[in-house]
Amino acid sequence: MKSSRLASAMLILAVSTTLAACGDADKATTAGSTTPAATSAAPSAVATSAAATPASSPAAGAASDKELCESAKKVSDEMKAELVKVATTGEASAADYQKILNDLDKKIAVVASTGDGKVATALRAFGAEAAKAAAAADPATAADNPAFEKAGKDISAACKAAGFTLVI
C-alpha cells in the first residue's frame with residue numbers, strides 16, 4: 001500500500017514537473033490562474049472547452065502558438081486534477097495511471113493538431129512521451145524519465161517564446 005502511494009506521488013511530481021518544465025515565476029498573475037483547477041467539478045467542463053476551442057480555430061487558420069499554450073495549460077490543469085483525485089482516493093493502480101497518461105496524450109494531440117509551429121511540435125513530442133509511459137507496465141515510474149522532462153521543457157521554452165508563461 002505504501003509503495004503505490006509513493007508511485008502516486010512520483011507520477012504527480014514527474015508529470016507536473018514535466019509540464020511545468022521550468023515555467024517562469026516572473027508573472028505574478030499566473031498563480032491566480034491555477035486556482036480554478038482546484039475544484040473537482042471543473043475538470044470535465046474544462047475538458048470540453050479545451051477540446052472545443054482548438055477545433056474552432058482551424059476554420060480561421062492554424063491556431064497561434066499562444067493559443068496552443070493556453071489550450072495546453074487547460075489540458076494540464078485537467079490532468080493534475082485527475083492525478084490528485086486518483087492519488088487521494090486510496091489505492092491507485094497502474095491502470096489508473098495508464099488512463100490518465102493516455103487521456104493526456106489524446107488531449108495534447110487534439111491541441112497540437114490545430115497548430116503547426118514550435119509549440120505544436122513540442123506538444124506532439126510530449127504526447128508521444130506520455131503514450132510511451134502509458135504503455136509501460138509501471139506507468140508511474142515510466143513517466144519519471146529525462147525524455148519526458150525534456151519534452152515538457154521544450155513546451156515551456158516554445159510557449160515562452162510565444163509570450164506565454166506556462167506555469168502548471
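How many residues does α5 have, and what distance does α5 reach from its first C-alpha to its last?

Mentor: This is a predicted model, where local features need pLDDT of at least 70, side-chain atom pairs count only at pLDDT 80 or more, and totals for chains, interfaces and linings use all residues. Residues are numbered from 1 along each chain as its sequence is written, and side-chain values use heavy atoms, with hydrogens and water left out.

Helix α5 has 19 residues and reaches 26 Å from its first C-alpha to its last, close to the 27 Å expected at 1.5 Å a residue. The expected span is 1.5 Å times one less than the number of residues. Helices are DSSP runs (H or I, at least four residues), numbered from the N terminus.

Buried in α5 are Y97, I100, L101, L104, I108, V111 and A112; buried means under 20% relative accessible area, exposed over 50%, and partly exposed in between (1.4 Å probe, protein chains only). These residues lie on the same side of α5 because they cover an arc of only 100 degrees around the axis, taken from the directions from the helix axis to the C-beta atoms. The face turned away from that buried side carries the exposed residues K99 and K106.

Of its 33 residues, L101, L104 and L123 touch the most other members. Leaving aside neighbours within four places in sequence, L123 is in contact (heavy atoms within 4.5 Å) with residues including I108, V111 and A112.

How values were computed. Core = buried A, V, L, I, M, F, W, Y, C linked by side-chain atoms within 4.5 Å. Helix = DSSP H or I, 4+ residues; strand = E, 2+ residues; numbered from the N terminus.
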